[in-house]
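Hi,

Here is the structure for your files. Please look it over; my notes follow below.

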Amino acid sequence: MSGTSGLLRWGCVPLLLGVIAAAPPEPKGMERIAGGTYEALYKSDKLQTKVSVEPFYLDRYPVTERDFARFIRKHPRWRSENISPLFADDKYLTTVNLSDPSSRPVTSVSWFAAKAYCRSKGKRLPTTNEWEFVALASETAVDGRGDPKFMAKVSEWYGSPSTDSLPEVGQGFRNVWGVFDMHGLVWEWVSDFNSALTIGESRNAGTVDPDLFCGAAAVGTTESQKINYPAFLRYAFRSSLEGTYAVHNLGFRCAMDAP
Amino acid sequence: MQSTISAFVARWMRRSATSASLLIIVVAPIAVPNDILAEESHAHHHHVHRELEAGEHSSESLFQVDSTWLDQQGKTRRLADFAGAPTVLAMVYASCDAACPAMIALMKHMESSADVPKNTQFVLVSFDPERDTVDKLQAFARSLRLSDRWTLLRGAPDDVRELAVLLGVRFKQNEDKSFSHSNNITVLDGSGEIEGRSAGLGTSPSVLVELAREAAS
């Protein structure tokens, strides 16, 4: 009764516990991003410039037209004919061929629609800090800002106008995290896009703290940020957005908390 | 900038002519224009208004947003609770010592104005649910001597962010836990549709009162 069979039974338990105790695998289609700290784009009034990001999961690719078409089939209130004007403007989904959706990144989606998609997957939009942290990465380094060739390439992408027909996801730039298309494809929504504040024009910005934001000029930026013009561009772009906006080269990807 | 204000006012006046609701443009002294890259081409929807079922909200009503909040009495509230009368909405936080007092002063001025309907409701939503507890909100309301026409709300951070986006309010929390934020004040009509919104530029109270008088007529 005991003896060999008993040994086999009890021998399995430590093995099982070992498997349970190991880190869970990434959710399908996502990469695990380790936590980190990096210098913020702008100076805060308390002169602290560090941003910290906890570990999290990020979608490997931007959400595709096919992904989004499937979502609105299951959730018809997000169809363009049904959606409330509070949640999307007149351009919503106008650049997407829903009858023959592709693997191109979905664009012309409002922030509300992007949020709803992520929630339907048990996910969320990444925060600005999370997204920008992953955007720092080159093919080989978590922080590519020390790599002038990489920085030049990124600037080149932002310098060229977007093509009429977007390529499919996953065909372009892959960074050290295994995440594709953080540069060179589409602008992307973040959960707190409206945390990008602009200062007033000099004519009427008398009471705005000039230390709060210093985007336009290099004056007041941290030294390493002086060459990161794309980050400034993204900040400016976000500060021009409203949640209802559907823009032809603005898409999104989802994130998830990591244990 | 002046022509933009005129066009803005003209658009509000036209909208107010189609409803008997209150139209107030409330503008705060601190400017945060945020449209350096935004295009003007995002047109408004034109919906055919069909008969609504009882309790149903129009597609333009903020009351279709179902988030739950706690007020300064600890009661659970929804935005739809404010149906039936105009509502003046601003986002503030109790520890704010700069723009928020100015916004609240403007709203109090509206409250005491003879041209503002006596059933107008005033709602302050906190950016700071972490520190602005129910007790803190109650103390805040008391310190400002706010009447029973005022409701102070705290909610989940996601709901706060969503409401801010809906109201066109921009905000971020700084390292020292204070908030940087724009100073929009939004006016809803009795059905929850956005009647008007401040442009974030300074305006004298007399202009406010004049607009309110014209809109209420």
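A residue is called buried here when its relative accessible area is under 20%, and exposed when that value is over 50%. Keep in mind that this is a predicted model.

First, the chain as a whole. Chain A has six helices and seven strands. From the N terminus, the order is α-β-β-β-β-α-α-α-α-β-α-β-β. Of its 259 residues, 49% are buried. The accessible surface is about 12900 Å², and carbon and sulfur atoms account for 57% of it. Among contacts between residues at least 6 apart in sequence, 76% link residues at least 24 apart.

Now helix 5 of chain A, residues 148–159. Its 12 residues should span 16 Å at 1.5 Å a residue, and the end C-alpha atoms are 16 Å apart, so the two agree.

Which residues of helix 5 of chain A are buried? They are Phe150(A), Met151(A) and Val154(A). These residues cover an arc of only 100° around the axis, which puts them on the same side of helix 5 of chain A.

The face turned away from the buried side carries the exposed residues Pro148(A), Lys149(A), Glu156(A) and Gly159(A).

One detail at the start of helix 5 of chain A: a side-chain oxygen of Asp147(A) comes to within 3.2 Å of the backbone nitrogen of Lys149(A).

Best wishes

Key
Residues are numbered from 1 along each chain as its sequence is written. Chains are lettered from A and ligands numbered from 1 in the order in which they are written. This is a predicted model: local features need pLDDT of at least 70, side-chain atom pairs count only at pLDDT 80 or more; totals for chains, interfaces and linings use all residues. Side-chain values use heavy atoms; hydrogens and water are left out. Helices (H or I, at least four residues) and strands (E, at least two) are DSSP runs, numbered from the N terminus. The expected span of a helix is 1.5 Å times one less than its number of residues. Buried means under 20% relative accessible area, exposed over 50%, partly exposed in between (1.4 Å probe, protein chains only). The arc is that of the directions from the helix axis to the C-beta atoms. A polar contact is a pair of N or O atoms within 3.5 Å; within protein, one must be able to donate a hydrogen and the other to accept it, and residues adjacent in sequence count only if both atoms are side-chain atoms. Contact means heavy atoms within 4.5 Å. Accessible areas come from the Shrake-Rupley method with a 1.4 Å probe; for residues, only the protein chains shown count as cover.
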